[in-house]
Amino acid sequence: MKSNIYDKYKIMITCINTFLIFAHSYAVEDKKSQILQICSECQSINMLTNTIVFTGQVTLKYKDINLYADKILISHVEDTHHLSMIEAHGNPVTLNQTQKTKNVVFAQSSIIQYNTNNNTVILIGNAYIKQSENSIQSDKITYSIKNKKIKATSNQGNKVITTLSKKSI
């Protein structure tokens, strides 16, 4: 039974890993010189707070990942300049990835956060993830990378909605 529950949520773990791939890749130098491209109408760098803010129709592209937001905030640790947080805001923030198998992973929410300190990805506000015919929708989706656990919660009066195709059951 425990394995069956994991199989049902395996799709969600894959979707959230999409966001993690670009976040982790940004933080680690790649010897092959991978290109992370962020385009926006405005960019502000604050060297005192070690933050970069991109605003106005922001697009982030890395390999086969595309992220679209109204604003992206990137924070670094002062001494090491390692990435500590990526936070994307939008109405909504959307993320899509075309996998090698040609499956498309789609995620959206009002805010997407990736925190390197506790190794989590959080989708906040109308959170939705879809791959093939499987999806999960709630007010908040939290994924712990280290523990490989996903938790979807909704505010009072709302429900978590999971749709699984016959192939996933």
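Reader: What makes up the secondary structure of the chain?
Author: The chain has one helix and ten strands, where helices (H or I, at least four residues) and strands (E, at least two) are DSSP runs numbered from the N terminus. In sequence order the pattern is α-β-β-β-β-β-β-β-β-β-β. This is a predicted model, in which local features need pLDDT of at least 70 and side-chain atom pairs count only at pLDDT 80 or more, while totals for chains, interfaces and linings use all residues. Residues are numbered from 1 along each chain as its sequence is written, and side-chain values use heavy atoms, with hydrogens and water left out.

Reader: Why is Thr-94 called buried?
Author: Buried means under 20% relative accessible area, exposed over 50%, and partly exposed in between (1.4 Å probe, protein chains only). Thr-94 has 17% relative accessibility, so Thr-94 counts as buried. Thr-94 lies in strand 5. Beyond its neighbours within four places in sequence, Thr-94 is in contact (heavy atoms within 4.5 Å) with Asn-66, Leu-67, Tyr-68, Phe-106, Ala-107 and Gln-108.

Reader: How many residues does the largest nonpolar core have?
Author: The largest nonpolar core has 25 residues, and Leu-67, Ile-72 and Leu-123 have the most contacts inside it. Such a core is a set of buried Ala, Val, Leu, Ile, Met, Phe, Trp, Tyr and Cys residues joined through side-chain atoms within 4.5 Å.

Reader: And which residues does Ile-72 contact?
Author: Leaving aside neighbours within four places in sequence, the partners of Ile-72 include Phe-54, Leu-60, Leu-67 and Ile-86.
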